[in-house]
Amino acid sequence: MTRTVTAEASTDRLIEFSGVSRVYGKGAAAVTAVDDVSFGVDRGEVFGVIGFSGAGKSTLIRMINGLEKPTSGTVTVLGLEVSRLSERRLPKLRARIGMVFQQFNLFTSRNVAGNVAYPLKVAGWSRSERDARVTELLEFVGLSDKAGHYPEQLSGGQKQRVGIARALAAEPDILLADESTSALDPATTTEVLRLLRRANEELGITIVAITHEMEVIRSIADRVAVMDSGRIIETGTAHDLFSDPGDGEGSFVATALKDRPDADDLARIRRHTAGRLVTVSLADAGGVGRVLGSAANHGVSFEIVHGGLSTTKSSSYGLLTLAVEGAADAVEGFVVELRGVGQVREVQA
Amino acid sequence: MIGIVDAYRELDWGYYGPELLTATWETLYLVAGSFLIGGFIGLLLGVTLYTTRSGGVLANRPMWLLTNFVVNLIRPIPFVILVAAIQPLTIQVIGTGIGNQAVIFGMIWASTFAIGRIVEQNLFAIDPGVIEAARAMGAGRFRIILTVILPEALGPLILGFTFVIIALADMSAMAGIIGGGGLGNFAIVEGYQRFRTEVIWLAVVVIIILVQLVQIVGNMLARKVMRR
Ligand SMILES: Nc1ncnc2c1ncn2[C@@H]1O[C@H](COP(=O)(O)OP(=O)(O)O)[C@@H](O)[C@H]1O
Ligand SMILES: [Mg+2]
């Protein structure tokens with residue numbers, strides 16, 4: 001399932017990383033934050049990058065709008081080679097790329113309307129155009145009544161909605177989101193993610209979202225790159241990644257999803273069941289009910305001891321660990337039938 | 001108590017009244033003149049120190065090293081010594097080495113570099129994230145300085161400049177050493193040198209009132225800007 005994205009340029013490819021590395025410091029103290037990374041993002045996609053803190057995600061996303069320069073390799077965005085643009089020529093490109101930050105980074109000296117209007121001033125919009133656009137955006141993010149409020153009068157979720165309105169103001173082609181929900185509680189996270197999804201679906205904006213939270217990727221990403229120690233170690237559609245996260249050890253997704261029982265879980269499970277343990281990966285959660293229902297026909301009983309069904313932005317998938325009890329050949333018959341709906345792995349206890 | 005009241009009742013107000021008024025105007029002139037020019041140059045210096053440092057929007061190491069060196073060089077020189085030391089320059093620029101204009105020239109030199117540091121310190125308190133946000137929007141460097149960095153630090157800057165004005169009033173009390181006027185000179189010449197403590201206290205009261213007014217206005221403005 002690991003898909004290596006080749007560097008060939010498609011017409012609708014907005015972002016292209018080709019052999020990009022970024023090293024901080026020199027000599028013995030050098031840190032390779034991004035290590036020989038290649039990938040592409042097409043127009044209209046939501047591209048997620050996930051990895052632990054320190055994996056190099058922020059460095060990676062900041063190279064898209066030239067806030068950071070690669071040490072080697074090329075970054076091409078909207079047809080321009082960002083890595084070679086001078087600080088003077090960067091603003092033009094940046095005006096076409098919105099960015100949202102973990103800490104919101106709202107101007108404390110400006111009210112909500114002033115924050116949203118700022119990029120429009122930079123882009124040279126007239127006063128009346130700005131006013132109209134600000135009204136429209138505040139409506140989009142549901143903050144029309146807060147136009148005159150200052151950042152300190154807003155909740156975290158409201159601040160991030162202002163951040164998103166500001167990032168969308170100048171009608172960018174691309175929206176970069178650096179841990180846009182990591183400072184928010186779960187309910188507010190959902191609200192902000194829904195907004196990002198709407199920006200993608202209703203405004204057609206291409207989004208690159210980096211995060212250490214699986215939930216974010218699961219609910220908005222079309223394609224995902226998994227980053228570890230500066231490298232992209234897995235890429236694929238969100239669906240592929242979640243429905244078949246590879247084998248436990250070493251797979252970030254498998255570890256982060258905790259889709260399979262670990263040693264502690266197994267010890268607990270073993271205390272109250274003696275059945276054969278299998279993990280079923282379902283690429284499509286539909287149809288599983290019928291198969292599970294057939295357990296009775298095989299004369300076996302089962303219990304779901306770990307995992308469950310879930311959804312990505314556009315599909316459903318499941319990762320279930322079952323303890324199946326019954327006569328050995330009957331259990332085998334049931335497992336064979338399970339293989340018909342998904343990938344089955346034995347779990348060694 | 002009666003003694004004090006009598007002392008002021010018997011004071012020759014016909015003479016001291018106009019003298020005190022003139023001295024007050026002179027102090028205001030010295031402070032305003034040096035503040036307008038020194039404050040402006042100091043602001044430029046502070047912004048230069050802040051923006052040319054590595055990671056700043058105008059990052060430029062030679063420029064930063066030079067500015068930092070000059071500030072560190074001149075700032076510690078005591079006012080009286082500096083005024084004496086730059087006499088030749090003062091005569092060149094002002095046309096004379098004495099009088100209120102010469103004092104202002106000296107006060108500018110003595111305050112500008114301290115103001116630069118005060119400005120720099122206040123700019124340091126800005127969240128770098130907002131500058132990054134402006135950069136990400138495609139704002140140019142000078143636009144960022146004028147529309148992000150200065151507005152974001154405006155409240156603390158107002159308090160810093162309030163402090164500077166009061167320090168300048170303090171400095172202006174030494175104007176007499178090169179023939180300048182003001183309340184300090186009034187207190188020394190009319191009061192101290194003639195053993196008239198009650199005259200010294202006239203200057204003290206006026207100075208206290210002026211300083212309080214400046215502080216109150218400064219606090220009010222800063223509170224308004226910071227919305228507290
Ligand atoms: N400006 C910098 N100077 C030195 N090291 C840095 C700098 N920025 C990031 N790093 C280092 O690069 C690595 C990746 O950091 P970052 O891109 O912020 O990761 P992430 O966003 O995934 O947490 C870390 O080891 C971090 O310490
Ligand atoms: Mg980060």
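I call a residue buried under 20% relative accessible area, exposed over 50% and partly exposed in between, using a 1.4 Å probe and the protein chains only.

**Ground rules.** I am working with a predicted model, where local features need pLDDT of at least 70, side-chain atom pairs count only at pLDDT 80 or more, and totals for chains, interfaces and linings use all residues. Residues are numbered from 1 along each chain as its sequence is written, chains are lettered from A and ligands numbered from 1 in the order in which they are written, and side-chain values use heavy atoms, with hydrogens and water left out.

**Entry 1, aromatic pairs.** I looked for rings of Phe, Tyr and Trp (its six-membered ring) with centres within 6.5 Å, calling planes under 30 degrees apart stacked, over 60 edge-to-face and the rest tilted. My search of the whole structure gave 9 aromatic pairs over all chains. The pair A:F302 and A:F334 is stacked, because the ring centres are 6.1 Å apart and the planes are at 20°. I took helices (H or I, at least four residues) and strands (E, at least two) as DSSP runs, numbered from the N terminus. A:F302 is in strand β12 (residues 301-311) of chain A and A:F334 in helix α13 (residues 328-339) of chain A, so the pair ties together parts 32 residues apart in sequence. A:F302 is partly exposed at 29% relative accessible area, while A:F334 is buried at 0%.

B:F35 and B:F161 have ring centres 5.7 Å apart and planes at 80°, so I noted an edge-to-face pair. B:F35 belongs to helix α2 (residues 13-52) of chain B and B:F161 to helix α9 (residues 154-172) of chain B, so parts 126 residues apart in sequence are tied together. B:F161 is buried, with 17% relative accessibility.

The charged end of B:R227 sits over the ring of A:Y150, 3.5 Å from its centre. I also found the charged end of A:R110 over the ring of A:F107, 5.8 Å from its centre.

For polar contacts I looked for N or O atoms within 3.5 Å of each other. A polar side-chain atom of A:K57 is 2.8 Å from an oxygen atom of ligand 1. A backbone N or O atom of A:A55 lies 3.2 Å from a ligand 1 oxygen atom.

Methods:
A charge sits over a ring if NZ of Lys or CZ of Arg is within 6 Å of the ring centre and within 35 degrees of the ring normal. A polar contact is a pair of N or O atoms within 3.5 Å; within protein, one must be able to donate a hydrogen and the other to accept it, and residues adjacent in sequence count only if both atoms are side-chain atoms.
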